[in-house]
Amino acid sequence: MLDFEAYKSQLQNMRSELTHRVEALEKDIHHTEEPVEKDFAEQATQSENDDVLNALDDEAKTTIIQIDNALLRIQNGNFGICEKCGNPINENRLQIIPFANLCITCAE
Ligand SMILES: [Zn+2]
């Protein structure tokens with residue numbers, strides 16, 4: 001039997017960490033209100049940086065959605081069950097990825 005409460009607090013901690021990260025990233029992305037750099041190379045670097053930041057931002061947001069889904073599954077009592085085959089997800093896997101929604105076989 002899985003310890004839902006333990007996973008729940010772990011997921012909530014992860015979620016708040018990620019939320020802070022997204023806030024920090026978005027501050028970085030939108031801080032480009034400074035006058036536009038004349039130097040073209042500089043501009044290219046800036047937009048490359050923004051791409052990286054945006055990718056990290058998207059990734060964090062995707063994870064937040066997965067965490068929310070996992071929290072919902074805890075609420076519904078089907079946490080730790082593979083969404084594809086219905087078998088229990090290995091606990092070692094859940095310890096590494098508590099928001100996993102697929103068992104290792106289905107995820108591969
Ligand atoms: Zn499965």
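This text walks through a predicted protein model, from its overall form to single residues.

Residues are numbered from 1 along each chain, as its sequence is written. Because the model is predicted, local features need a pLDDT of at least 70, side-chain atom pairs count only at pLDDT 80 or more, and totals for chains, interfaces and linings use all residues. Here pLDDT is the predictor's confidence in each residue, on a scale from 0 to 100. The protein averages a pLDDT of 91. Of its residues, 93% score at least 70.

Start with the overall plan. The protein has four helices and zero strands. Its order from the N terminus is α-α-α-α. Helices (H or I, at least four residues) and strands (E, at least two) are DSSP runs, numbered from the N terminus. Helix 2 has the lowest mean pLDDT among the elements, at 91. Helix 4, residues 104-107, has the highest, at 96.

Next comes the overall form. Along the principal axes, the C-alpha atoms fill a box of roughly 60 × 25 × 20 Å. The radius of gyration is 19 Å, whereas a compact globule of 108 residues would have one near 13 Å. That radius is taken over C-alpha atoms, and the globule rule is 2.2 Å times the number of residues to the power 0.38.

Now take the helices in turn. Helix 1 covers residues 4-30, which is 27 residues. At 1.5 Å a residue it should span 39 Å. Its end C-alpha atoms are 38 Å apart, so the two values agree. The expected span is 1.5 Å times one less than the number of residues. Helix 2 has 37 residues. From its first C-alpha to its last it reaches 54 Å, close to the expected 54 Å.

What lies inside? Buried residues make up 11% of the 108 residues. A residue is buried if 20 or more other C-beta atoms lie within 10 Å of its own, exposed if 12 or fewer, and partly exposed in between, with C-beta atoms placed from the backbone. In helix 1, the buried residues are Tyr7, Leu11 and Leu25. Their cover includes helix 2 (40-76) and helix 3 (91-96).

The largest nonpolar core has nine residues: Tyr7, Leu11, Ile67, Ala70, Phe79, Ile89, Phe99, Ala100 and Cys103. Helix 1 and helix 2 are the elements that give two or more residues to this core. A nonpolar core is a set of buried Ala, Val, Leu, Ile, Met, Phe, Trp, Tyr and Cys residues joined through C-beta atoms within 7 Å.

Contacts tell more. Two residues are in contact if their C-beta atoms, placed from the backbone, lie within 7 Å. Among contacts between residues at least 6 apart in sequence, 59% join residues at least 24 apart. Look at Cys103 in the core. Leaving out residues up to four places away in sequence, Cys103 touches Cys82, Cys85, Asn87, Ile89 and Asn90.

Valine 22 is in helix 1. Isoleucine 64 is in helix 2. They are 42 residues apart in sequence and 9.8 Å apart in space, C-alpha to C-alpha. Valine 22 counts as partly exposed because it has 18 C-beta neighbours inside 10 Å. Isoleucine 64 also has 18 C-beta neighbours inside 10 Å, so it counts as partly exposed. Not counting residues up to four places away in sequence, valine 22 touches Asp57, Ala60 and Lys61. By that rule, isoleucine 64 touches Arg15, Leu18 and Thr19.

Finish with the loops. Aspartate 39 sits in the loop between helix 1 and helix 2. It is exposed, because 10 other C-beta atoms lie within 10 Å. Aspartate 39 and arginine 15 are 24 residues apart in sequence, and their C-alpha atoms are 39 Å apart in space.

Glycine 77 lies in the loop between helix 2 and helix 3. Its position is just after helix 2, where it takes a positive phi of about 80°. Glycine 77 is exposed, because 9 other C-beta atoms lie within 10 Å. Glutamate 91 is 14 residues from glycine 77 along the chain, and 16 Å separates their C-alpha atoms.
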